[in-house]
Amino acid sequence: MEKIKEFFKTFLLIELLKGMALTGRYMFARKITVQFPDEKTPQGYRFRGLHAQRRYPNGEERCIGCKLCEAVCPALAIKIEVAERADGTRRTTQYDIDLTKCIFCGFCEESCPVDAIVETRIFEYHGEKRGDLYYTKPMLLAVGDKHEAQIAKDRASDAKYR
Amino acid sequence: MMEWLEPIQKMLGSAWLPIWTVLKIVAIVLPLMGAVAYLTLAERKVIGWMQIRIGPNRVGYFGLLQPLADGLKLLMKEIIVPSGANKFLFIIAPILTLMPALAVWAVIPFNAELVVANVNAGLLYVLAMASLGVYGVIIAGWASNSKYAFLGSLRSAAQIVSYEIAMGFALVTVLMAAQSLNLGDIVRGQQGAHGLLNWYFIPLFPMFVVYFISGVAETNRAPFDVAEGESEIVAGFHVEYSGMAFALFFLGEYANMILVSFLTSIMFLGGWLSPVPFLPDSILWMFIKVAFVLFLFLWFRATFPRYRYDQLMRLGWKVFIPVSLIWVVVVGAWMQTSYWLW
């Protein structure tokens, strides 16, 4: 009996019609597409986008060249050279992030003892020729300077969970 | 109706007939190409809606210029002939796919008068041309010198051949009911006082379903698109094609979809006849029916997952062919009784 029932179910295309009814209903459902450049989905304060180097409020760069980020980076995207500056402090002479290698895991930010390297909310950026996505120290500092307000606010929101 | 053409006819003399025929062909092929272009847009829109998306809407209002942008892109692209490919066959294959798909339109009646060639064996011609399309696919797969393309073409060749049998039997019942192979006469056979109750899809309902599903399989559309099978064999028989050569396959596939929709409308849904007796018959009915059947094509694609290859063959050989054979006998017997009302 069960077999006969099954036969008629398949033979009369009942299941297929059920499926078509479902897609037919969805055709008139409210569309959930986000039309990207016009509409944007909300971002969390932990969003990991383009990297930036931060400065202290007095204008001094935070990075002390400890190379923890370079060591922790799983994609080997960071390259750091260090030298002693004229005032006797330890500073980087080169701090490069190859964004084409970077996997945006956020380990560099987590490992940084002075919150110097951070990942910002910026994700709409591009390069137009080879090497455009190889970010050097001045470029990273420029990103940091430009978005410091947002960066500081995001760090403050996350502070109680760290 | 055509009196105003007579002076031109006299002026051109014997050159008149070829020129007039070419004009008629252009009058069918150009709108057909437009229909194909906008069918691709309709497909993307409808499938988008069914997947709770909105489909293309960036190029022109409502995405209406999208087909033009796609066409232009394909025109600009380079046609790459793979090394080791048979160049002549590689180039000729897309043409062989598109050509039969266009040739069939000669016998399609749009309304009682509008048909390029009123052939008496129209249905036979349709079947012959439809089965020619498979050569393009086989040759494309073989000439590409690529294993995916070859696998795809083998699959599609077996599939098209199998489904053609069931399709043929489905059409046999139609010609039994209509007592004619002429497509115009088949539509006229469905004329009657009861509007849509006179159409053949009622007595031949199982054949209507078999024919339409075979038509979907014949055009290599989802859920029978094992010839392409993007997730299994990349893109099947046209994996090596690019640019306009690829576009010709695309045009052929969509032209075939429109063709199957026209044939379904003509043979089962009463062609240009009005569904209710108080409205006049018109070519508009034809287009409404065709649009509905085309929508079914898109609806299927949005709903059903692809058949596995052995399931596809089982459906063709073990379900459709027996069912259609039985129904041919049933219709034959039915027609001898007084209960045949069509």
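Leaving out neighbours within four places in sequence, Ser162(B) touches Met313(B), Trp317(B) and Ile321(B), where contact means heavy atoms within 4.5 Å. This is a predicted model, so to speak of local features takes a pLDDT of at least 70, side-chain atom pairs count only at pLDDT 80 or more, and totals for chains, interfaces and linings use all residues. For bookkeeping, residues are numbered from 1 along each chain as its sequence is written, chains are lettered from A and ligands numbered from 1 in the order written, and side-chain values use heavy atoms, with hydrogens and water left out.

Back to the serine. Ser162(B) sits in helix H6 (residues 147-178) of chain B, and it counts as buried because its relative accessibility is 3%. Buried here means under 20% relative accessible area, exposed over 50%, and partly exposed in between (1.4 Å probe, protein chains only).

Now for the whole chain. Chain B has twelve helices and zero strands; helices (H or I, at least four residues) and strands (E, at least two) are DSSP runs, numbered from the N terminus. The radius of gyration is 21 Å, close to the 20 Å that the globule rule gives for 342 residues, so chain B is as compact as a globular protein of that length. That radius is taken over C-alpha atoms, and the rule is 2.2 Å times the number of residues to the power 0.38.

Some whole-chain numbers:

| Chain B property | Value |
|---|---|
| C-alpha box along the principal axes | roughly 65 × 60 × 40 Å |
| Buried share of the 342 residues | 49% |
| Contacts (separation of 6 or more) between residues 24 or more positions apart | 75% |

One more helix to look at is H8 (residues 205-218) of chain B. Its 14 residues reach 19 Å from first C-alpha to last, close to the 20 Å expected at 1.5 Å a residue (1.5 Å times one less than the number of residues). H8(B) is mostly covered, with eleven of its 14 residues buried. Among them are Phe208(B), Tyr211(B), Phe212(B) and Glu218(B). The buried residues of H8(B) pack against H6, and also against helices H5 (122-143), H10 (243-268), H11 (283-303) and H12 (309-336) of chain B. After H8(B) comes Asn220(B), whose phi is positive, near 60 degrees.
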